[in-house]
Amino acid sequence: MLLTAIKLKFAALVAVAGIDTAEMPGASKEFVDILTSLKAEQDKVQQNPGANNTDINKSFNDAVAKVRELVQKGDKDATYALAHWGVLSGANINEVAALFRKAADQGQILAKSELAQVLMQAGAQNPEAVKEAIKLIKDAEAADNKVARRMLAQLHLQGVTEGEKGVVVVEKSVAKAKELLDKGNKAGDGEATLGLAQLYSAGVEGVQQDHQKALEYLIQAGTQGNAVALSTYGARLLNGDPDTKESPKLVKKDVAAALKMFNDAAEKGLAAANRILGQIYENGVGPDGVDVKQDVTKAFEYYTKAANGNDPQALFRLGNAFETGIIKDPKGKRDDKENVLIQPNPKSALDLYRLAAQNNLAEAFFNVGVYYETGTVVDKDPAKAFTFHMKASTAGIPQAMNRLAGLYANGTGVTQDLVAAAGWYQRAASMGFAPAQIALGILYEQGAGVPQSRTVAAGHYSDAAQQGNALAMLRLANLYAVGVNPGTPEFPRAWAYAKQADDLAKASGNKADLDVTANVISQLEAKMADADKAEAKKIYDKLPKPQAAPAAAPTPAAAPAAGESKKKK
């Protein structure tokens, strides 16, 4: 009987699509069976991603439908799972919050911490939501939830106040934050241990900077399975620490030790270690691979092992590979059949992106959104594209913010809202994303969703132009040609920016671009006197010379908007 009970217990543990029943004591057999079936279907893709032997979307949707039935029966874990899968299953944020709340009210601890994250997004606009979120975090932490513990530690590091009088909601206390991270460290939470490493590395009030102690915590976090700590320490071993006063040389370069560490971790079942080994062999280490020779075939063997372990970044990298195709020798010919390692397969790429998204990788949400936006492999679905781009945007992906802003601007998949569009363009622009800087400049130039200001528009175009963006240079040329100040054209400055764009066109050798820039320059010169042309050359000489744009990558299956690419890793 005891042996049977042990077998049943192990059989009940399953991790799939961002759900881990090990964190759900007492999960129902019906719920576990659904996840087990879904895992079996997804394992087929992870183990042989190019085989097209299953339909990831259908198997996931079937699982969602069965989970919905359990929700109707009051299964709290199923309710949590449905909320957790909200974006993937097409739910809106209000439905997601309602499901999390229902599961939390039933005592589902994971739901409390994730509902808190949803509520915290309201920020200063909804103090009551923040208060509720903090209570949920404290309740979940008291129930030993590691995510809530780290969230509460972060709140103590920042402090939370409310109202003009600054009423304290969460005390700003490094000591309390450290106490929570220490608690997590003792419980084996690698992310909490990494937090301690970061505290000692930076040095904050109440925690004196101590690089040696920071390193000890970093190494411990890696042994606890934290992928960030493992890769950070591994990178230090691969390269050696710089010898500076700010950062003493505590770790000497030891490539063999780094590889052994990653291999040992991989043999213990840490999927991230296999992914890191894949990255090492894909790129090589040292000049011309003197430390580790580049081996693309071996790299993708490691990526596949990591994907089999459900590592989201490995799944994503394999998705990239199936989207563009991969050759064994990067210096060889792409059309040489003997050199092809992975043939382009957009369907397999999307399946892998979906699996990465199910594991909450923000870049994957964006890429799936692009497939729905363009209608590649799947039917075009602007509403789904909007939902996926919103998820990626709130996670901080500038490409997604730019796409989301475009959907708001055009009223595609959402009610048209130029103010919201400007807001998202602004967020992406502030992160240095050139296409968003240009789009925001256009809104200011036109006065759409923002007060009209050619001066502000010129500033945004200039930010993008300094990154070597030819379109931004041409927008500046056009703006100065008509006059940043209406009625006062500045032809010499317009010519200088058009000439910069022409330089980039010549460097790329693109005939269409050369035709455009030559035409703009010709029209400007027709309006300029000799003195204007001399002044134009002086302005041009003083402008920072942009670098030629990097060589274009193979066209992806679902083409992004102009000036933008899908996320690559």
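Me: Exposed means over 50% relative accessible area. In this predicted model, why is E128 called exposed?
Reply: Its relative accessibility is 52%, and the cut-off is over 50%, so E128 counts as exposed.

Me: And why is K131 called partly exposed?
Reply: Partly exposed covers what lies between buried, under 20%, and exposed, over 50%. K131 has 36% relative accessibility, so it counts as partly exposed.

Me: What makes E128 and K131 a salt bridge?
Reply: The rule asks for a side-chain nitrogen of Lys or Arg within 4 Å of a carboxyl oxygen of Asp or Glu. In this pair the closest N and O atoms are 4.0 Å apart, so the pair is counted under that rule. Both residues lie in helix α7 (residues 127-142), three residues apart, or about one turn of the helix. In general, an α-helix has 3.6 residues a turn, so residues three or four places apart point the same way.

Me: How many salt bridges are there in the whole structure?
Reply: The search finds 28. One of them joins K176 and E171, at 2.8 Å from N to O. Here K176, at 37% relative accessibility, counts as partly exposed, and E171, at 39%, is partly exposed as well.

Me: What links R403 to E373?
Reply: Their side chains meet in a salt bridge, with 3.0 Å from N to O. This pair links distant parts of the chain, with R403 in helix α20 (residues 398-410) and E373 in helix α18 (residues 362-374), 30 residues apart.

Me: Are R403 and E373 buried or partly exposed?
Reply: R403 is buried, because 6% relative accessibility is under 20%. As for networks, salt bridges that share partners join E141, D144, R149 and K183 into one.

Me: Which residues have the most contacts inside the largest nonpolar core?
Reply: They are F31, W85 and F300, in a core of 128 residues. The largest share of this core, eight residues, comes from α18. Around F31, the residues touched include I19, M24, V67 and L70, leaving out those up to four places away in sequence. A second, separate core has 52 residues, among them Y408, F433, A457 and W495. In soluble globular proteins, nonpolar side chains tend to be buried together.

Me: How do you know that the span of helix α13 is close to the expected one?
Reply: Helix α13 (residues 255-267) has 13 residues. The expected span is 1.5 Å times one less than the number of residues, which gives 18 Å for this helix, and the first and last C-alpha atoms are 18 Å apart.

Me: What is noted about the phi of A17?
Reply: Its phi is near 50 degrees, a positive value in a residue other than glycine. Most residues other than glycine have a negative phi. A17 sits in the loop between β1 (15-16) and β2 (19-20). With 1% relative accessibility against a cut-off of under 20%, A17 counts as buried.

Me: Where does N310 lie, and why is N310 called buried?
Reply: N310 is in the loop between α15 (296-308) and α16 (312-324). Its relative accessible area is 17%, which is under 20%, so N310 is buried. N310 also has a positive phi, about 70 degrees, although it is not a glycine.

Me: Why is D351 called buried?
Reply: Its relative accessible area is 3%, and buried means under 20%, so D351 is buried. D351 is found in helix α17 (residues 346-358). Leaving out residues up to four places away in sequence, D351 touches V45, T54 and I56.

Conventions
Residues are numbered from 1 along each chain as its sequence is written. This is a predicted model: local features need pLDDT of at least 70, side-chain atom pairs count only at pLDDT 80 or more; totals for chains, interfaces and linings use all residues. Side-chain values use heavy atoms; hydrogens and water are left out. Helices (H or I, at least four residues) and strands (E, at least two) are DSSP runs, numbered from the N terminus. Buried means under 20% relative accessible area, exposed over 50%, partly exposed in between (1.4 Å probe, protein chains only). A nonpolar core is a set of buried Ala, Val, Leu, Ile, Met, Phe, Trp, Tyr and Cys residues joined through side-chain atoms within 4.5 Å. Contact means heavy atoms within 4.5 Å.
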